[in-house]
Each structure stands twice: as structure tokens, then as C-alpha cells.
Amino acid sequence: MGKLDGKVAFITGAARGQGRSHAVRFAEEGASIVALDICDQIDSVFYPMSTKDDLAETAALVQAAGGSIVTHVGDVRNRADVQAAYEAGIREFGKVDIALPNAGIMPVIEPGDRDQAWYDAIDTMLTGVWHVLEVVVPNMIDRGEGGAIIITSSAAGLSSLALNTYPGQVGYVAAKHGVVGLMRVYANQLAKHSIRVNTVHPTGVNTPMVANEEYGAWAAANPEIAGSPAYQNAMPVELIEAIDISNAMVYLASDDARYVTGVAFPVDAGHLNR
């Protein structure tokens with residue numbers, strides 16, 4: 001018996017990184033997966049983003065874990081894309097019980113005239129989350145069986161993590177703070193329907209967003225920032241693994257957390273407690 005047997009989870013940013021880990025881990029616990037990813041490059045993002053091959057690999061890994069999956073290529077910045085992915089999941093599985101608005105980017109982290117990085121960060125990680133909420137919530141209410149929504153924020157969503165005001169950095173931090181506000185509003189409004197809404201706040205995670213050649217070169221060139229105590233964890237680990245976040249997601253999605261809602265849940269190796 002899995003903790004999520006019979007459930008259907010809608011996951012954005014599912015082609016790799018945390019999203020892929022969540023998809024596989026949820027499948028291991030018995031959930032079917034609806035996976036959405038842009039599978040394309042956003043110009044303001046300084047590292048290579050996911051591809052259709054990555055999304056196909058996620059599908060293969062979910063199936064190897066014994067799960068069923070529907071994949072869709074689309075951009076969370078476009079509500080119609082989110083709606084199309086959701087409807088594909090409904091056609092295949094008949095419902096969505098769990099939503100994980102997880103799609104995230106790290107836009108340019110350098111100075112200069114790069115204002116588009118701000119808009120891409122906000123549109124992907126704040127407006128994109130709102131699009132998911134607006135798409136999945138009405139049917140959750142109509143079904144009358146409750147549900148769980150777990151939004152990927154960041155340790156940067158509960159602290160002033162950025163050490164500069166470059167558009168990409170402050171856009172990231174603003175978006176990750178913003179989804180906490182969304183979570184609290186929706187948690188309050190949806191509690192009467194037994195729909196729970198929480199945020200998860202990872203420290204740095206060993207995924208392609210951080211573990212890439214471009215970020216490594218930037219960190220080497222900016223040791224006063226990358227090596228700052230503001231970027232360090234209290235526990236003796238530089239980066240945690242995506243599975244550490246996935247396990248928290250499983251808990252919050254399952255009946256183990258049936259009365260947990262409106263919570264900002266850190267998985268941060270003590271980063272926020274320093």
C-alpha cells in the first residue's frame with residue numbers, strides 16, 4: 001500500500017530536477033502523474049534548460065516505478081498551456097487530487113540591462129503558480145473530496161537571500177516570497193473544502209538549476225557572494241538532494257498531513273535557523 005494510492009498529481013517543471021524527483025517518488029507511492037514542462041530555453045536563463053528528451057526520461061522513470069503518466073509540453077507563463085495539460089490529465093485519469101506548482105528558473109545573476117530577467121522570474125514562479133491554482137481548484141471544489149496543493153518556494157522565500165539587486169536575483173526572491181502570500185490566501189479560502197495548501201522551502205538543491213557549469217563559473221568569480229554565510233547551511237552540507245524535497249512533498253500530500261495547511265515548510269539543513 002502506497003501513501004498516495006489512487007491519487008493523481010499534477011506537477012509542473014517535471015522534466016528534470018525536483019519536478020522529476022517528485023513525479024517518480026509520487027509514482028512509487030501509488031500516484032498517477034500529469035507532467036508539464038516548457039522543454040525550451042528562456043533567453044534570460046543563463047544555463048541550459050530542459051528538453052523534450054528530459055521529459056520523456058521522466059515518463060520512463062515514472063513507468064519504471066510502476067506509475068502511469070501523461071506528459072505535456074507547455075509554459076506555465078501561459079494559462080492556456082496549463083489548462084491544456086490539466087485537461088489532458090483529466091481525459092486520462094478523470095481527476096486531479098494533488099497539485100505541485102514546481103516550475104522554476106534562475107534568471108541571469110549578473111548586473112546590466114537585463115530587466116527581462118525580472119519579468120521571466122515573476123511570470124514563471126509567481127504568475128505561473130497562480131495559473132496552476134486557478135486551473136485546478138474549481139474542479140477540486142466541485143468534486144467535494146478535498147485535495148492537496150504544495151507550492152515550491154525556497155529558503156529565499158522566507159529570508160533576504162539575495163546579496164544584490166540584479167533583476168534576476170531580486171525577481172527570484174520576490175516570486176518565492178509572493179507564493180507564500182498566495183498559499184496563505186488559498187489555504188484560508190479552501191480550508192472549508194478540505195483542500196490543503198502549503199509551501200515548501202528548500203535550501204540549495206543538487207539539480208541542474210544550481211549544479212551547472214555556468215553557475216560554477218559565476219561562483220568562482222564571485223567568492224565574496226557565493227561563499228558568504230548568507231548562502232551557507234547550518235548543517236554540514238552544501239547542497240541537499242531532490243529526494244529530500246520529494247519526501248517532504250509526499251508527507252504533505254498524504255493523509256499523514258491531513259490537517260496540515262497554511263504552513264511554510266522548510267527543508268533547508270537549518271539554513272533559516274542560523
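Okay, let's start with Arg77 and Asp75: their side chains meet in a salt bridge, with N to O at 2.7 Å. By salt bridge I mean a side-chain nitrogen of Lys or Arg within 4 Å of a carboxyl oxygen of Asp or Glu. Keep in mind that this is a predicted model, where local features need pLDDT of at least 70 and side-chain atom pairs count only at pLDDT 80 or more, while totals for chains, interfaces and linings use all residues. Residues are numbered from 1 along each chain as its sequence is written, and side-chain values use heavy atoms, leaving out hydrogens and water.

Back to that pair. Asp75 is buried, at 15% relative accessibility, whereas Arg77 is partly exposed at 28%. The cut-offs: buried is under 20% relative accessible area, exposed is over 50%, and partly exposed is in between, with a 1.4 Å probe and protein chains only.

Now, what does Asp97 pair with? One partner is Lys95, with the closest N and O atoms 3.3 Å apart, and both of those residues are buried. Asp97 also forms a salt bridge with Arg143, again with 3.3 Å between the closest N and O atoms. Asp97 sits in the loop between α3 (79–93) and β4 (98–100) and Arg143 in helix α4 (residues 116–143), so this pair ties together parts 46 residues apart in sequence. Helices and strands here are DSSP runs, numbered from the N terminus: H or I with at least four residues, and E with at least two. Asp97 is at 6% relative accessibility, so buried, and Arg143 is partly exposed at 21%. Through shared partners, salt bridges join Lys95, Asp97, Arg143 and Glu145 into one network.

And the total? Nine salt bridges by this rule.
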